[in-house]
Every structure is written in C-alpha cells, then in structure tokens.
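Take a look at it first, and then we'll walk through a few of its features.

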Number of protein chains: 2
Amino acid sequence: VTISKGSTIQPVILSGGSGTRLWPLSLEQRPKQFLKLFGDSSMFQLTLKRVSGRGGYLVPIVVGGVDHRDMIQADVGALGAEGHLILEPAPRNTAAAIALAALTAPSETPLLVMPSDHMVRHPARLLKAVEAALPVIKAGYLLTFGITPSQPYTGYGYIRRGAALAPGVFRADAFVEKPDGRTALRYLESGDYSWNAGIFLFRAGDYLAALAEHAPEILAACQMAVERGADVDGVLLPDRQAFLDAPSLSVDYAVMEKSARVAVAPIDAGWSDIGSWDALDEFVGAAERGNAGVVEIDCSGCFIRTEGLPVAAVGIQDMIIVATREGVLIVPKGRSEEVRGLVELLKEKGA
Amino acid sequence: VTISKGSTIQPVILSGGSGTRLWPLSLEQRPKQFLKLFGDSSMFQLTLKRVSGRGGYLVPIVVGGVDHRDMIQADVGALGAEGHLILEPAPRNTAAAIALAALTAPSETPLLVMPSDHMVRHPARLLKAVEAALPVIKAGYLLTFGITPSQPYTGYGYIRRGAALAPGVFRADAFVEKPDGRTALRYLESGDYSWNAGIFLFRAGDYLAALAEHAPEILAACQMAVERGADVDGVLLPDRQAFLDAPSLSVDYAVMEKSARVAVAPIDAGWSDIGSWDALDEFVGAAERGNAGVVEIDCSGCFIRTEGLPVAAVGIQDMIIVATREGVLIVPKGRSEEVRGLVELLKEKGA
C-alpha cells in the first residue's frame with residue numbers, strides 16, 4: 001500500500017473498553033483488548049501492529065482508561081513499538097475519546113480510528129480500503145468501514161449504502177441501531193446494508209466540526225479537558241473535572257447518524273468484534289481449539305477453554321465452557337450473549 | 001442402646017482410602033473421608049462421632065495411611081475426641097488394615113469395623129443392629145451389615161440371606177462380587193439379597209483365626225509388622241518392610257467370602273458410600289444444594305458445587321458441575337462413574 005504524499009494518516013486506537021462479555025476471562029480490571037486470545041499477542045497489540053512502523057502512518061495515538069495505563073504501556077513496550085498515550089480520566093464513550101485525539105492532531109490530518117478489541121484477519125485489505133477512501137474524506141466526509149452481514153444479527157448497527165462516491169465507497173443513506181430480527185433478516189437479504197464495524201476514517205477538523213454541530217457539549221468538555229490537562233512524560237492527562245462534563249455518547253450516536261456527509265466503505269477483511277464466546281468460537285474455527293488442560297469423553301462440538309485449571313467433561317454437545325482462576329462459565333453455543341446477565345447476577349450475589 | 005456387661009465394643013475406623021471418584025474435590029492427597037461435604041464435619045469425623053464417648057464403646061482404633069496422619073489427628077483433635085492411631089506404612093487393603101487393629105485387641109473383644117468415608121443417616125439404627133448381633137458373633141460368626149438394594153446397582157457386592165440366627169440376623173449363604181445388570185435385577189426382585197456395606201462386627205480372635213485359615217500370609221505379615229513396629233507418642237507404626245509382604249486383599253475377598261460362619265444383619269439406616277457425585281446428589285437431596293457462588297439462568301435439575309470459584313451456567317439440565325481450585329468437572333447425572341476415567345486421562349495428559 002502506498003499512501004500518496006501529504007496524506008500521512010494518524011492512527012487512533014481506542015482502548016477504553018472494560019466489557020465482561022468474555023467473562024470469566026475478561027474482567028473489569030482485565031478488559032478484552034488485553035487478553036491473549038490469539039497466540040502471544042493481545043488484541044491491543046494486534047491492532048497496534050496493523051499500522052506500526054508502516055510508511056504513510058504516524059505513530060499511533062492510544063486513547064485508553066487511566067486504570068489500564070500499565071497494561072497499555074506494557075503491551076506497547078513489549079512490541080518495541082511507539083504510541084502517544086492519552087488517558088481518559090473516566091469512561092465517556094467513543095465520541096469524547098476520539099475528540100481528545102482529534103484535538104491533538106492538525107486539522108487536515110486523516111484519523112484512522114480503530115477499536116483495540118476487534119480482530120481483522122486480513123489487515124492489508126483494510127489498509128487498501130483506507131487508501132481508496134482517502135479522496136472521499138478529503139472532500140469532508142466522515143467515513144465508516146462496513147462489514148457485509150453473514151447472518152441477521154441484531155447486536156450491531158446497520159448502514160444502508162447509497163450512491164457511489166468513489167470505487168468501493170458509498171454515501172451512507174441510513175444508520176439503524178440494533179434492528180429486530182425480522183428487520184435484520186430483510187437487511188441481510190437486500191444486500192444494501194453493512195454492519196457498522198466501529199472503524200472510522202475522517203480528518204480531525206471535520207470530526208471536530210461535526211461535533212460542534214451535533215454534540216457541542218462533548219467538544220466543549222474535551223477542549224477544556226485538554227487545555228487544562230497535563231503532559232507528564234509524554235502522556236496526556238486531560239483534566240478530570242472538565243472531562244466529566246462530556247456527555248457519554250458513542251461516535252455513531254453523537255455524529256455519524258446525524259451528519260449529512262457520511263460515507264461507508266464495505267470491507268471484506270475477516271473482521272470480528274469478538275463480542276461474545278460464540279463470536280470467538282466462530283472466529284478461531286475448530287483447528288485452533290486444542291487445549292492442554294482439557295479432557296473430554298463422549299463430547300462433540302464443544303468450545304472448552306481453560307487457563308491452567310484442568311477441565312474434564314463427559315457427554316456434552318455444542319457447549320461453551322470457560323474456566324479461569326476467576327470463575328467457570330457453562331453456556332450452550334448460540335447463547336453466550338447471556339453472559340452479561342450472568343455477570344450481573346454474580347455481582348448481585350456478591351460472588 | 002444398652003450394651004450388656006462384658007460386651008464392650010472396640011470400634012475400628014478404616015481411613016486408608018485415597019479415591020478420586022469425587023474429583024476435583026477429592027484428590028489423592030485429600031481423600032473423600034476428609035472432605036466436609038455435610039456442614040462443618042468431615043465424613044471421618046461423622047464416623048468417629050457415631051461411637052465416641054458412648055457407653056459400651058471403647059476409644060476407637062483408627063487405621064489410616066501414614067500420608068494422612070496430620071489430617072486424621074487434626075480431625076480427631078477438632079472433635080475433642082480420642083483415638084488410638086495405627087498408621088499403615090503403605091496401602092494394603094482392608095484385610096491387612098483390620099488385622100493390624102485385631103492384633104492389638106484382646107481376643108474376645110467385639111470389633112465394629114467401619115469405613116470412614118461412608119454416611120449413615122440414622123446411626124442409632126446401626127447401633128441397635130450391633131446390639132442385636134452381639135449374641136451371634138459370640139457364637140464365633142463373622143458378621144457384615146447389609147443394605148436393602150434400592151436399585152439393581154452393579155457396583156457393590158451382594159449377599160444372600162439364609163436361615164435366621166437371631167432376630168434380624170441371618171446366615172450369609174453366598175457372596176457375589178459386582179454382578180452384571182441382569183443378575184443384579186434378579187437379586188433386587190428376589191428380596192433375598194443385601195448390598196455389602198463394608199461395616200463388620202466380629203471378635204478380634206475370630207477374625208485372626210479366619211485369616212490364619214484363609215489368608216495366612218496376611219496374618220503373618222501383620223504379626224511381624226506389629227512385633228517389629230514402633231509405638232511413638234501412642235501411635236503404632238507397624239514395620240514397613242514386614243507390612244509390604246501382606247497381600248493386598250479386601251476383607252470380603254480374603255475372609256468373608258470363604259469362611260463357613262458368616263452372618264448378615266440387614267439395616268435400614270440411611271447408608272451411602274458416597275461413591276460418586278451421583279451418590280452424593282441422591283444422598284443430600286434437593287433441599288441442601290444451595291451454593292453461594294453459583295448463578296443459573298434457565299437451568300433445571302443440576303447439581304452444582306463450587307469451592308470459592310464463581311460458577312455461572314445457562315440452559316443446562318440434569319448436569320453435575322463441580323469446580324474447585326484443582327479442576328472443573330462437567331458430567332450428566334447418571335454418568336459420574338466415568339469420573340475415574342477422566343482422572344486417568346488427566347494424569348496421562350499431565351494436566
């Protein structure tokens with residue numbers, strides 16, 4: 001991939017998540033992006049590697065939670081990579097997180113915003129799509145990369161493609177948050193919809209302008225937080241009190257769904273948000289499931305993952321079993337969305 | 001219960017087991033009898049309590065493995081009870097273990113031999129049966145207590161009742177080791193058979209005489225082991241080298257199945273050997289299954305037990321789940337006999 005002169009891209013890696021959907025492996029104090037689900041690298045590291053040291057890309061800006069500072073710096077350090085770190089004093093969702101990064105970049109700089117806890121099996125395809133999309137964002141568009149739906153999943157946002165703006169890039173005619181099953185099936189069959197993958201490309205100034213128009217309180221709070229913030233050892237610590245004033249909105253809700261100039265670039269890059277144990281199971285495939293601490297008798301189609309603790313199973317089919325030092329999960333395949341509810345119940349019981 | 005004069009009974013508690021059938025709760029270094037499966041007392045302690053401080057019963061002799069000395073002494077001490085401890089230098093099965101105890105008792109003393117890892121829900125009924133059986137053993141019989149079968153279980157030995165010797169006591173006409181399913185069903189339907197519960201009553205001298213006749217090598221080895229053994233702080237340590245010469249045979253196989261004067265006294269005392277998770281599940285019943293660290297969504301009929309580790313389950317029926325710091329077990333009810341095989345597999349895998 002060759003990026004034409006004057007188009008140097010600023011990667012922005014969002015590491016603010018603290019989900020527990022992969023409980024008992026992911027925990028509030030050990031979010032998904034820091035798990036080594038795929039060999040020796042965390043998802044955070046794999047995200048960083050996509051762009052690190054690559055021609056046409058600047059040193060990434062990492063926006064992460066202040067509580068995860070050590071994990072972020074350890075992961076960056078272990079790669080021998082670089083990153084400019086911005087520490088959110090508290091979680092305020094993606095619109096504010098991206099604003100912090102945009103405020104530190106020159107207005108004309110294209111920002112490639114990537115969550116740190118998504119997998120992209122074929123990063124070269126994503127980067128090729130980024131290159132193809134650059135002329136469109138230079139015309140002031142806010143662009144999101146879209147994933148062709150493989151099933152009528154109701155857990156993602158859907159984007160309807162409109163007129164072509166460039167090869168492989170389209171106007172986004174409509175954003176639909178988490179449709180019901182019947183609607184999702186209609187979208188899937190129509191072929192006009194993409195899932196919203198949460199990977200964005202826009203110029204810093206265009207994003208801030210859109211914020212000014214559609215979510216001015218977020219912009220004002222972030223501006224104040226950066227202004228009053230501290231730069232300690234090259235790490236930007238925005239002012240906590242100012243940042244807390246930012247409404248907690250996703251970038252989709254705050255800006256993408258409201259702006260008139262939004263584009264979508266469908267990609268086929270082997271994307272997964274690894275948003276559940278089922279998603280991980282689908283992503284890794286049967287070949288990668290071997291696990292030293294597991295014995296099975298008369299079992300089939302199970303996803304069993306353990307960290308050190310021996311797991312022994314008899315006579316079960318199509319189950320997800322996960323055992324760590326923090327807990328044990330047993331859930332049938334296809335129902336791992338219910339893990340959130342289990343974690344809530346465990347909290348209520350004080351377990 | 002009043003024991004007539006001159007019939008003071010010597011309890012002998014066998015604690016040599018090291019099974020892993022309740023893995024991952026029972027381990028080789030933490031056998032079943034030391035688990036606190038029922039409130040605050042271990043099964044070993046519940047066995048000791050049956051006879052401790054009771055009129056007509058001597059201070060129990062405990063025969064246990066040398067590796068479990070600390071656990072035995074801690075359990076005895078925690079009860080404020082007493083016990084004469086004999087430590088087997090190596091496991092040599094029940095015939096030799098009982099011989100060690102019999103060799104330290106006066107010949108005329110009735111020995112009540114009880115495994116330390118069986119449950120008896122109504123101990124008073126057992127003790128009443130002991131009283132009723134005393135006249136029979138004074139006539140030189142070796143007596144075993146029998147359990148009326150509740151199902152055609154193939155895992156136990158069966159004993160056929162013969163002529164009555166006293167109220168509730170019968171000649172044992174035949175011993176059958178672990179019959180096949182069809183035979184077990186026939187036994188169950190005939191009403192003439194009892195399970196062999198492994199609880200015995202006989203005079204020390206009669207047992208040793210039977211050993212001399214049917215298993216003289218065991219007797220010789222145990223005599224030598226006691227003779228050359230040491231008494232340290234009131235604990236009998238039989239000589240290891242001598243004891244290793246004893247063939248490893250069960251008391252049933254060495255003596256009970258071969259002697260001409262064997263009796264059986266059926267009891268209905270709520271007995272269980274807790275020989276598997278299914279057996280424990282049946283014994284405890286639904287009311288006692290509550291567990292603080294467990295959350296379930298859409299589950300039914302499950303036995304879930306955890307030690308500290310939170311367990312969260314969705315959409316499973318009639319499963320046994322056990323989680324400890326040593327491992328996790330998932331097995332359908334009715335199949336917990338397969339745990340042994342799982343533990344073997346784990347060993348092979350070095351897990």
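Let's start with A:Thr183, which sits in helix H5 of chain A, residues 181–190. Helices (H or I, at least four residues) and strands (E, at least two) are DSSP runs, numbered from the N terminus. A:Thr183 counts as buried because its relative accessibility is 16%; buried means under 20% relative accessible area, exposed over 50%, partly exposed in between, with a 1.4 Å probe and protein chains only. Its side chain makes a polar contact with the side chain of A:Asp180 at 2.6 Å (a pair of N or O atoms within 3.5 Å, where within protein one must be able to donate a hydrogen and the other to accept it, and residues adjacent in sequence count only if both atoms are side-chain atoms).

This is a predicted model: local features need pLDDT of at least 70 and side-chain atom pairs pLDDT 80 or more, while totals for chains, interfaces and linings use all residues. Residues are numbered from 1 along each chain as its sequence is written, chains are lettered from A and ligands numbered from 1 in the order written, and side-chain values use heavy atoms, leaving out hydrogens and water.

Now for the sheet. Five strands form an open sheet with mixed pairing, in the order S14(A)-S16(A)-S18(B)-S17(B)-S15(B); strands pair if DSSP finds at least two bridges between them. S14 of chain A and S15 of chain B are the edge strands, each pairing on one side only.

S16 of chain A and S18 of chain B pair in the parallel sense over three bridges, with A:Ala312 opposite B:Leu329.

| Helix | Strands touched | Angle |
|---|---|---|
| H10 of chain B (residues 277–284) | S15, S17 and S18 of chain B | about 105° with S15(B) |
| H11 of chain B (residues 339–349) | S14 and S16 of chain A, S18 of chain B | about 140° with S14(A) |

Note on methods: Contact = heavy atoms within 4.5 Å. Axes fitted to C-alpha atoms, helices over the stretch in contact; angles between N-to-C directions.
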